[in-house]
Amino acid sequence: MVKAVVLGASGGIGQPLSLLLKASPLVDELSLYDVVNTPGVTADLSHISSIAVRAPEIIQGPVAKRQQKITGYLPAEDGLKKALTGADVVLIPAGIPRKPGMTRDDLFKINAGIVRDLVKGIAEYSPKAFILVISNPVNSTVPIAAEVMKQAGVFDPKRLFGVTTLDVVRAETFVQDITGEKDPSKTVIPVIGGHSGETIVPLFSLAKPAVKIPAEKLAPLIKRVQFGGDEVVEAKGGAGSATLSMAYAGFRFAEKVIKAVKGEKGIVEPTFVYLPGVTGGDEIAKETGVDYFSVPVELGPSGAEKATNILPNVDDEEKKLLEACKTGLKGSIEKGVEFVHNPPPK
Ligand SMILES: NC(=O)c1ccc[n+]([C@@H]2O[C@H](COP(=O)([O-])OP(=O)(O)OC[C@H]3O[C@@H](n4cnc5c(N)ncnc54)[C@H](O)[C@@H]3O)[C@@H](O)[C@H]2O)c1
Ligand SMILES: O=C(O)C[C@H](O)C(=O)O
């Protein structure tokens with residue numbers, strides 16, 4: 001039985017993400033939490049006739065179908081506690097999005113506190129849940145989540161993920177314009193580092209199968225992946241940032257976590273993790289000089305089971321990108337850690 005929870009479920013990402021989770025046969029129970037509108041979103045989704053299935057290829061035995069359960073809560077009457085109790089996977093897209101001219105770091109002032117308080121709830125009501133952080137700035141909100149869990153004495157680094165899948169999805173999509181690949185999701189492109197501008201490092205030299213990118217097209221392609229978020233923010237003209245593509249990406253990552261937990265083998269996905277807590281991560285932390293980094297991670301029943309060090313395989317141009325990435329990441333990580341230990345006065 002899998003209970004998935006969305007914190008920030010009424011928002012631009014929260015609603016389509018909840019729809020995808022409601023339509024997924026991997027989810028038995030879906031619980032929605034937001035400071036507004038959850039009764040409406042929950043009532044709406046509750047009319048969908050989807051069912052939960054235990055696929056025989058994942059779990060031995062005959063296919064068992066069950067009716068899904070959906071619940072929705074507001075903060076009143078212990079809503080957060082009720083939403084989180086019994087949670088297996090918690091996705092957090094709560095918080096404000098960017099407007100044109102803003103950086104993700106400009107969101108820190110408001111979103112840092114939102115993520116801290118929601119993770120305090122997770123530490124109390126569902127400390128063993130897998131936590132998938134979507135709220136920006138991810139480079140800081142994931143360290144915030146880790147510090148809150150540490151303070152509560154329940155931090156398991158294998159269970160905390162910064163969702164960077166949208167960068168992978170963008171790399172797959174944008175490279176298609178050059179290669180003409182008909183099914184972009186068949187091209188695996190590792191995107192490592194963090195989730196903002198130059199901290200996003202797509203590694204086209206390590207694409208599988210290999211891709212041929214003309215030299216003059218490579219730099220613009222890398223830039224487009226790094227600044228893909230800005231493209232959407234500009235196009236929306238003040239109405240927010242990527243929501244639909246993010247819901248797709250968030251669901252894609254959540255589905256992989258759930259499948260791995262259910263026993264499916266060989267699932268490897270880039271995700272922003274606390275390196276010292278994941279097997280293989282120490283070496284990467286030493287090489288990058290930072291404790292948090294997105295790398296391809298093997299997922300399994302206990303979560304992030306192994307971090308893959310692909311740094312020795314990158315080419316010289318990518319090495320330069322990595323230098324800029326490390327510098328950018330360091331400050332954002334420290335800012336998140338500091339926020340939990342020395343919160344600014346209210
Ligand atoms: N990781 C990524 O790749 C990625 C991609 C896109 C957007 N984002 C980030 O996701 C966040 C959400 O974006 P959006 O477009 O859905 O924004 P949105 O404003 O449409 O929705 C955010 C929702 O969070 C809710 N919320 C606010 N405070 C809350 C709290 N304390 N508890 C519960 N819910 C709360 C709001 O009521 C709202 O419904 C932003 O920070 C955005 O930058 C991340
Ligand atoms: O760009 C943003 O602010 C949202 C998100 O991080 C994205 O990459 O689309």
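## Nonpolar core

Val89, Val90, Leu132, Val133, Ala145 and Val273 touch the most other members of the largest nonpolar core, which has 97 residues in this predicted model. Such a core joins buried Ala, Val, Leu, Ile, Met, Phe, Trp, Tyr and Cys residues through C-beta atoms within 7 Å. Buried means 20 or more other C-beta atoms within 10 Å of a residue's own, with C-beta atoms placed from the backbone. Helix 9 (residues 244-261) supplies the largest share of this core, 10 residues.

Valine 133 has contacts beyond its neighbours within four places in sequence. They are Ile92, Val115, Val138, Thr141, Val142, Ala145, Phe161, Gly162 and Val163. Contact requires C-beta atoms, placed from the backbone, within 7 Å.

## Ligand shell

Ligand 1 is surrounded by 33 residues (C-beta atom, placed from the backbone, within 6 Å of it). Gly8, Gly11, Gly12, Ile13 and Asn136 are the closest. Helix 4 (residues 108-125) gives the most to this shell, 3 residues. By class, the shell holds 18 nonpolar, 13 polar and 2 charged residues. Here Ala, Val, Leu, Ile, Met, Phe, Trp, Tyr, Cys and Pro count as nonpolar, Asp, Glu, Lys and Arg as charged, and the others, Gly among them, as polar.

## Overall fold

The protein chain has 11 helices and 13 strands (DSSP runs: H or I, at least four residues; E, at least two). Of its 346 residues, 47% count as buried. The C-alpha atoms fill a box of roughly 55 × 55 × 40 Å along the principal axes.

## Numbering and confidence

Residues are numbered from 1 along each chain as its sequence is written, chains are lettered from A and ligands numbered from 1 in the order in which they are written. In this predicted model, local features need pLDDT of at least 70, and side-chain atom pairs count only at pLDDT 80 or more, while totals for chains, interfaces and linings use all residues.

How values were computed. Buried ≥ 20, exposed ≤ 12 C-beta atoms within 10 Å, placed from the backbone. Contact = placed C-beta atoms within 7 Å.
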